[in-house]
Structure formats: structure tokens, C-alpha cells
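Reader: Hi, I'd like to go through a structure with you. Can we take it piece by piece?

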Amino acid sequence: MTTVPIDARLAALAEPAPAGFAASVYAGWVEVDGPVGPLYVAFTDRGISYVCPTSWMGGDAGRFLEYFRGRFGRPLRPAARAPAGLSAALRSGRGTGLDYDLRSVGEFDRKVLAKTLEIPRGEVRPYAWVAREIGHPAAVRAAGSALGRNPVPILIPCHRVVRSDGATGNYGFGPQLKVDLLRAEEVDLDGIQRLGRRRAHYVGSDTTGVFCYPSCTHARRITDGHRVELANAAAAAGAGYRPCRHCRPA
Amino acid sequence: MTDDLPLRLSRDLEGTFPDVVASYQDAVFTTALRMSGRREDAADAAAEAFLRAYTALRGYPAERIAALSVRAWLLTIVLNLVRNEARAASRRPAQVPLDRSAEVDGTEGPEAQAERHDGQARLGWLLTELPEAQRTAVVLRHVVGLPYAELAAAMGCPEGTAKSHVARGVQRLRALVPEEAR
């Protein structure tokens, strides 16, 4: 065997960074059409990491870039194309098929966001539902705060989480945008809030014996003559109703 | 050219940072890889080092950036990351000691297993067995190829100390590598 000096052998241990290394440092960004106006969308090699209406940045891409760099500590460069499936997800209101990079938020927030992703277009759930579904029924406020920090709004539809009485509540980009998004999805906010004022947070069907949140796709199919207004889960159970398996009101 | 990099960086961070990544990604990755011996984590540690550097640079005044020895500074950052990760891993219960993981890791692919038996892979493993200061000095000097002044800056020690760490590290490796390769 030939003799190779040890420093030459050590030098041969050097390796180039893997192909595409820069893509793990940079985020790419694009501007795309959203349901109620254009959006800035930033994404890393792991998935979408930030979404923001261009109007929130005064339509100034420079402001968006500077905000993103400060918040996420990551440099940004323009991307040649949007992540696969992004436009379809925005059109359909279904963000479930996309990859998200949620490294900027904690474990609890991630659970809240994963649960919120399940809420279908055109339906809303109370903050208390999110808290209960992730196994922290007392953490209603914490769930609300986590949604307020949602780095990928609209795609993870935190706008579909409202107060128990149907009031739409707060939104990171202002309460009006939340209302606009829900109206664009044809959520019957007026009807839900009318029920809320009568302290009816659920509706049941006296033919099926099932009760739902008012915006549930099954609740919306109940005909007027068979719709029963219910104050709370206990009252519903007392009247012999079982919770809907789709919207899981209890 | 990287000669005027600190100056350009001090004037235009966003425009110049891509050059920083392109110029030093191999040195930073190699350092992470050879310090930890863990291929699966090295790219993550390298990417994290650039992100830490980026955030730090955003907060530095221009004069401080212009005076930076950029490569040595980046290598200090990645050395700290790898060291902290090793400490965190050693505190985790039921974790295989870091430098043995390649030997007992059941998830190791056939390619990695084959590589482990060749002399170079053995040398890479022996490196991770050196005391930390010697390993750092040998990796930066002989694997990355830093001049002694930069090596001392990256390690935060006098040049003479860096030289003696290199010498002792190489001496120890010579005693350990197979006869034919000395």
C-alpha cells in the first residue's frame, strides 16, 4: 500500500455542503392572489412559513421583506414559482395538502394550528372547541393567543375560529378582514349571531336527534320546521340529542 | 473574491449575504461534519450557523461588520452550535454517546457502513475521539485549511496555543492510524 501523509488524508476529509444547501438558509417569497386580495407568501425548503395580505404592508414588498427578516431571522429571496398546490389551496379554502414550516412557533401553538387546519371552508368553530379538541379544555385564552400568532393565516384558517356567541372576535390583520374572509366563504354570520343573541349556541334536528354548531354543513341542511335551538351541550343531551360526528360540538 | 467581503457586507447586508453563504458554506459544513462526526445533523447545524450569523449581522453597526474576519467568525458560531448540541445530547437519557453513534446506530445505511470500514472513514471517526481543543485545531487547520492566524481567531486563543493543539492532535492521530498510512 502506498504511504499517504496524514495531512493529505485529513485534507481529503473536507466535503462540500450538500446540493441545495443555500435553500435551507433562505426563504423564497411570492405574491399571489388570495380570497380577499393579494398575499405575500414566504416558504422554506420545509414548507410555507409566513402569509400576509399585501394590504397589511401597504402594498410595499420592501416593508414585507424587512418585517419577515426581523421576525424570522432568515434572509429572503424572490422565488421563481409558488409552492406546488398553493393557488389551488387558496381557491378551494383547503390548506390541508400543503407543507408548513412551523419551526417559529412552540409545541402548543403547533397543536392549535394543526387542529384549526381541520375546520372546513364555510364553517366556524369556537375557541373553546379548539382548546377541547387538543386536550386542553381550560386553555381557551391560550388557544386564542396561539391563533393570534399564526404565521400562516388564511391557509391555516384561524379566521374560522370565533367566539362561542358567534361574535367574530379578533384577527391579526384587523377584525374587518376576518369578517370579509368569512363572508367570502358564505358563512351566515348574521344568522349565527342572531342565534347567539338568543343564547342558542347549537342547533339540533328533531328528525335525526343530532345537534351541531350552527355553521356545520349538517346543521345547514336542517329544514326550518325541524330545527331546534339548543343553549348548551348539557341541555342538548338532556333533550336526547347526540353530538354531530362532523363538527363535534361536545 | 472574498477580500472585500466585510466591506461590501457592511454596506449592503441583504445584497452581500448570498456571497457569504456561497463562499463559506463548504467550510462551515465540513467543520460541523468533522467536529460532530454526525452526517445527519451537519447540514442542519451549518444552516443554523448562517441564520445566527445573519441575525447577528442585522444588529451590528457597519464599522463592526467591516472589521469582521467573516470566515473565522462563522466558524466560531458553528463550533459553538456543535458543542452545545453535543452537550444537550449527552444530557439526554438513553442516548448513545455521541462519538459511538455511527457504530451502533441501527438506521445506518449500507453505504455508510461500507464507508466506515475504509481508512478515511476510520480517520474521520478517530478525529471525533480527540480532545475537543485538539480536534477543533486539527479540523480547522488540516481539513478546512485555515491559516494559523484565522484558526487562532476562530478558536479564540493565541496563535502559539493553536499551533500546539494542532501538533498534539496530529501526533495522537499518527499513533492511532494504521501503520501503512502514517
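Author: Seven bridges connect strand 1 (residues 27-34) of chain A with strand 2 (residues 37-43) of chain A, and the two run antiparallel. Keep in mind that this is a predicted model.

Reader: Which residue in strand 2 of chain A stands opposite Val32(A)?

Author: That is Leu39(A).

Reader: And what order do the strands of the open sheet take?

Author: The order is 3-2-1-4 in chain A, four strands with mixed pairing. Strand 3 and strand 4 (76-78) are the edges; each has a single partner strand, so one side of each has no neighbour in the sheet. The twist averages 35° from one strand to the next.

Reader: What lies across these strands?

Author: Helix 2 (residues 61-72) of chain A lies across strands 1, 2, 3 and 4 of chain A. Helix 2 runs at about 140° to strand 3.

Reader: Take Ser49(A) in strand 3. Buried or exposed?

Author: Ser49(A) is buried, at 4% relative accessible area.

Reader: New topic. How many salt bridges are there over all chains?

Author: The count is 27. Side chains of opposite charge can pair when their charged atoms come close.

Reader: Which residues pair between chains? Just one example.

Author: Asp44(B) and Arg46(A) form a salt bridge, 3.7 Å from N to O. Asp44(B) sits in helix 3 (residues 39-59) of chain B, and Arg46(A) in the loop between strand 2 and strand 3 of chain A. Asp44(B) is partly exposed at 44%, and Arg46(A) is partly exposed at 42%.

Reader: What about helix 2 of chain A?

Author: Glu66(A) and Arg69(A) are both in helix 2, three residues apart, about one turn. Their side chains meet in a salt bridge at 3.8 Å, N to O. Glu66(A) is partly exposed, at 38%. Arg69(A) is buried, at 10%.

Reader: Which residues are linked with them in a network?

Author: Glu14(B) and Arg58(B) are linked with Glu66(A) and Arg69(A) in a network of salt bridges.

Reader: Last one. How many disulfides does the structure hold?

Author: Zero, over all chains. Cys212(A) is in none; the nearest cysteine sulfur, in Cys244(A), is 3.8 Å away.

Definitions and conventions: Residues are numbered from 1 along each chain as its sequence is written. Chains are lettered from A and ligands numbered from 1 in the order in which they are written. This is a predicted model: local features need pLDDT of at least 70, side-chain atom pairs count only at pLDDT 80 or more; totals for chains, interfaces and linings use all residues. Side-chain values use heavy atoms; hydrogens and water are left out. A disulfide is a pair of cysteine sulfur atoms within 2.5 Å. Buried means under 20% relative accessible area, exposed over 50%, partly exposed in between (1.4 Å probe, protein chains only). Two strands pair if DSSP finds at least two bridges between them. Axes are lines fitted to C-alpha atoms, for helices over the stretch in contact, and angles run from 0 to 180 degrees between N-to-C directions. Contact means heavy atoms within 4.5 Å. A salt bridge is a side-chain nitrogen of Lys or Arg within 4 Å of a carboxyl oxygen of Asp or Glu.
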